[in-house]
Amino acid sequence: MSFTSIWFPFFCALSIAAYFLVPVRYQWKTLLIISLVFYSLANPVYLPFLLISIITTHYFMLKGTGKGLAATLIINLGLLVYFRYNLIPGFNSLIVPLGISFYTFMTLGYALDVYNGVIKPERNIFKYALFISYFPQITQGPIGTWEAMGRQLIEPHYFDAERLKRGGYRILIGYFKKLVIAGRLMFYVDTVFSSPGSYGALTLCTAVFFYAIELYADFSGYMDIAAGLSEILGIRLSENFLRPYFSRTIPEYWRRWHITLNEWFRDHLFVPLMATEFNRSFSDGLKKVLPKAKTAALRTMLPLFVVWLTTGIWHGAAWTYLGWGLYYAVIMMASTGSAGIMKRVRKKLKWNAKNRFIIIFQTLRTFFIVCLGYIFFRAESIQDAALIFKRIFTGASLSPGAVKQSLIPFGNGHQAIASALILTALILGLFIYELLEERQDDRLSRHRLFLAAAMIAATGLLGIFGQSNFLYQAF
Amino acid sequence: MKKAFISIAAGLAVIAAFVIFKNIFSCYLPAKNRGIQTVIRQGDLELLFLGSSTFRCNIDMPLVDEAYDGRDYDIAYAGNQPVATVPEYEELRAGGNSYGLMVFDLNPMLLSQAVKISDARVIWDLTFPSKLRLWKGMKDSEETDLSTFYEFFVTSGMDDLITYPITEPFYLTRYYKGAKTEETPASSREYLENESFDISKEKVNESQRAAVAALVRRCREDGQRFVFIETPHYYRLADDPKYRQLKSVFVKTLEDEGVDEYILAEDIEMDNRNSEFFEDMTHFSAAGRREYTRLLLEYLKDQSPSSSID
Amino acid sequence: MSRDEVRERLEKVFREVFDDETIVITDDTSAEDIDAWDSLTHVELIVAVEEEFEMKLSAREIVRLKNVGEFINLIHEKAGA
């Protein structure tokens with residue numbers, strides 16, 4: 001069952017009621033049952049694989065040994081690779097268990113933390129099962145850690161009206177972002193990216209920009225719904241997004257976008273790689289070639305490269321994702337490598353980091369780099385990505401013809417103008433809301449009631465619920 | 001807690017207000033150069049087109065004005081399907097005016113379309129009872145579900161309603177008597193030769209086919225003179241076997257109802273290989289529009305002794 | 001070397017790495033408390049600590065560090081051995 005299915009609100013209401021009505025000693029067990037039911041409703045076929053992961057991991061990590069870790073890694077990575085990456089011709093999986101990328105990483109994170117002695121293994125398999133299957137986060141994350149979630153999930157929670165309001169407000173924001181903003185952008189983006197050759201530079205640029213907003217609104221909206229729901233239950237989920245498009249540098253962006261995934265890679269791949277002997281020798285070797293470089297910077301090069309390529313592939317088995325990973329590998333390596341020089345350059349230029357124009361410049365530059373990355377991320381093939389790049393940089397035009405063409409992917413013929421106006425207003429609204437949040441402007445909290453009413457109205461009147469039946473086809 | 005409920009209630013009230021306005025009153029919002037309600041206000045007419053975007057782009061109304069003394073109009077909705085055309089016709093009838101000749105769209109590709117509303121303006125222009133009839137027609141085709149219902153009665157046309165003060169003045173400059181006035185340039189031959197078109201659905205949708213027959217019967221009952229016309233398509237589309245197949249089904253449907261009043265593309269001597277006339281496979285450039293309209297008007301004059309052309 | 005000495009020397013390292021003479025570290029200080037503490041500065045810290053205290057830190061050791069207090073413990077232990 002997806003968060004946007006019509007039955008989801010009912011499911012949630014029932015779950016919340018059950019959670020607070022059962023005797024406290026049954027509370028977390030009820031939550032486990034609810035989570036497993038939720039997961040089965042998506043497709044009962046997925047459940048066995050989740051259970052295999054839970055049961056084997058729990059067993060093998062009870063002693064926290066290297067052998068146990070190896071077994072856990074093999075089983076979980078094996079399942080993940082089998083389902084998500086069709087590597088063996090003839091053995092391709094037709095189904096992909098819901099959330100497998102996410103719960104596998106939660107599982108591996110738990111196993112690695114146990115092995116490294118960061119946490120003690122949980123003896124009770126049901127408590128562990130709840131950690132992995134907890135329904136607000138199983139579909140799309142956040143990738144919770146045992147440290148953050150383990151105790152919370154089994155502690156007793158009592159109904160609190162304040163939390164209901166806070167959580168409800170957050171859920172509303174999530175639905176608004178997902179159904180109104182992401183919903184409206186999706187058709188445009190899908191239309192253009194499915195045949196980029198048919199469109200000129202202006203339309204392509206618009207599609208890339210729209211995708212940046214769509215992805216953010218969709219993903220962070222989903223997180224908002226999950227976090228709001230969890231808040232009502234009294235459980236805090238880790239944040240996954242912190243207004244990432246307001247970042248001033250790419251490293252900062254990656255501290256604010258899909259935070260739990262990047263923290264996972266940092267803790268379980270970057271840091272371990274960095275400390276290996278192999279990396280030490282590798283960076284010592286680099287030092288011979290670049291004697292003036294900072295040791296620390298050199299130590300990051302190999303780990304950054306590996307982490308970013310892996311991050312790319314985590315998203316899917318496609319050359320475009322690999323290209324995207326490579327894109328950020330290069331940027332992060334360059335950024336890290338030049339950090340020392342840039343510091344000196346800025347001192348010389350008397351660079352005032354608090355200057356408004358500089359902040360705006362840096363933010364726009366970062367957003368632009370992210371958008372270029374999205375071309376790889378969203379394109380349906382490397383050829384498409386290359387074509388889009390080429391057109392954008394060689395064919396830019398603001399002619400009336402180009403503007404007219406950019407309205408076509410809205411899909412509703414001459415009514416595209418109205419849709420474009422509404423969309424502009426919505427995106428502007430979202431931008432202002434987040435800007436005020438970024439500045440910690442208290443006007444947002446003072447006008448919460450008004451905003452809630454506005455979002456309800458907007459979602460009801462302008463939301464896209466399911467595939468539009470009403471789109472123009474050129475007849 | 002109380003404040004939260006007030007907030008929720010306020011949001012829902014706004015939704016309700018817009019929904020009620022859209023469904024019951026939107027048809028009274030002025031749209032002076034197009035749409036069913038505007039046509040009803042024109043009174044009796046000699047010639048009335050009722051069709052899809054082919055009629056919007058391919059008929060030159062100033063030329064029609066010359067031939068019919070200005071007693072003419074064009075109602076064109078993008079993707080206007082046969083299923084929708086029936087309630088539209090009934091709405092016009094309910095307006096109480098008489099129309100010398102009604103021209104319907106012989107657009108074969110609409111026959112295979114799933115039942116839906118492509119142009120939210122259709123819903124906008126119908127009075128509430130007609131909307132319900134249209135909805136019933138859609139529901140009877142069994143292709144609707146909860147999200148279609150919601151879209152029909154709540155979200156469709158909402159963008160236009162909200163932006164009405166800004167977009168309406170713009171639309172007023174684009175149309176004359178329901179048809180496009182823009183000097184659309186022809187697309188390049190290269191574009192026309194390579195533009196892909198997709199007649200992926202060749203299977204006739206029975207609901208659409210039945211609606212064509214129903215429209216014919218209604219006209220007969222009302223004694224309404226009518227003719228179906230197929231505006232020429234670029235030869236690549238016109239010669240496509242799937243297209244021809246759909247076209248023959250359409251023609252057969254008409255003939256089964258005893259209709260011989262139809263004008264196919266080949267009845268009009270317009271060169272559908274001339275790229276100067278086309279913007280895409282189905283829509284003319286301004287030059288094509290004028291050429292076709294001229295030829296069509298001549299054809300109508302020759303065919304019909306009772307027309308008011310001198 | 002006493003624990004306090006370790007703390008003092010570590011504080012100097014922090015100040016150098018973050019280029020901020022005003023930083024004061026306590027046992028509870030963690031990444032959340034210092035703005036610029038990210039993957040890069042984390043590495044810089046590790047490298048600077050390895051150089052300052054002339055030791056090598058393994059992956060397992062680094063991964064376990066939750067805050068400065070544990071960092072100090074680790075260094076103190078290893079320096080003593």
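Me: Which side chain does R256(A) meet in a salt bridge?
Reply: The side chain of E438(A), at 2.7 Å from N to O. A salt bridge here is a side-chain nitrogen of Lys or Arg within 4 Å of a carboxyl oxygen of Asp or Glu.

Me: Before I go on, what sort of model is this, and how do the labels work?
Reply: This is a predicted model, where local features need pLDDT of at least 70 and side-chain atom pairs count only at pLDDT 80 or more, while totals for chains, interfaces and linings use all residues. Residues are numbered from 1 along each chain as its sequence is written, chains are lettered from A and ligands numbered from 1 in the order in which they are written, and side-chain values use heavy atoms, with hydrogens and water left out.

Me: OK, how is chain A divided up?
Reply: Into domain 1 (8–159), domain 2 (162–241 + 379–462) and domain 3 (250–373). Those bounds come from an automatic or database domain assignment.

Me: How many residues are in contact between domains 2 and 3 of chain A?
Reply: 16 residues of domain 2 are in contact with twelve of domain 3, where contact means heavy atoms within 4.5 Å. The centres of these two domains, taken over C-alpha atoms, are 27 Å apart.

Me: And how much area do domains 2 and 3 of chain A bury between them?
Reply: About 1,200 Å², with 73% of it on carbon and sulfur atoms. Buried area is the accessible area (1.4 Å probe) that two parts lose on being put together, summed over both. On the domain 2 side, N240(A), F241(A) and I382(A) lose the most area to domain 3, together 34% of what that side buries.

Me: How many salt bridges are there across that domain interface?
Reply: The rule finds one between domain 2 and domain 3 of chain A.

Me: Let's switch to the chains. Which pair shares the most contacts?
Reply: Chains A and B, out of two pairs of chains in contact. Chain B and chain C have no contact joining them, and their closest C-alpha atoms lie 34 Å apart.

Me: Last one: how far does α17 of chain A reach?
Reply: Helix α17(A), residues 356–378, has 23 residues and reaches 32 Å from its first C-alpha to its last, close to the expected 33 Å. That expected span is 1.5 Å times one less than the number of residues. At the start of α17(A), a side-chain oxygen of N355(A) comes to within 2.7 Å of the backbone nitrogen of F357(A).

Technical notes. Helix = DSSP H or I, 4+ residues; strand = E, 2+ residues; numbered from the N terminus. Polar contact = N/O pair within 3.5 Å; in protein donor to acceptor, adjacent residues only side chain to side chain.
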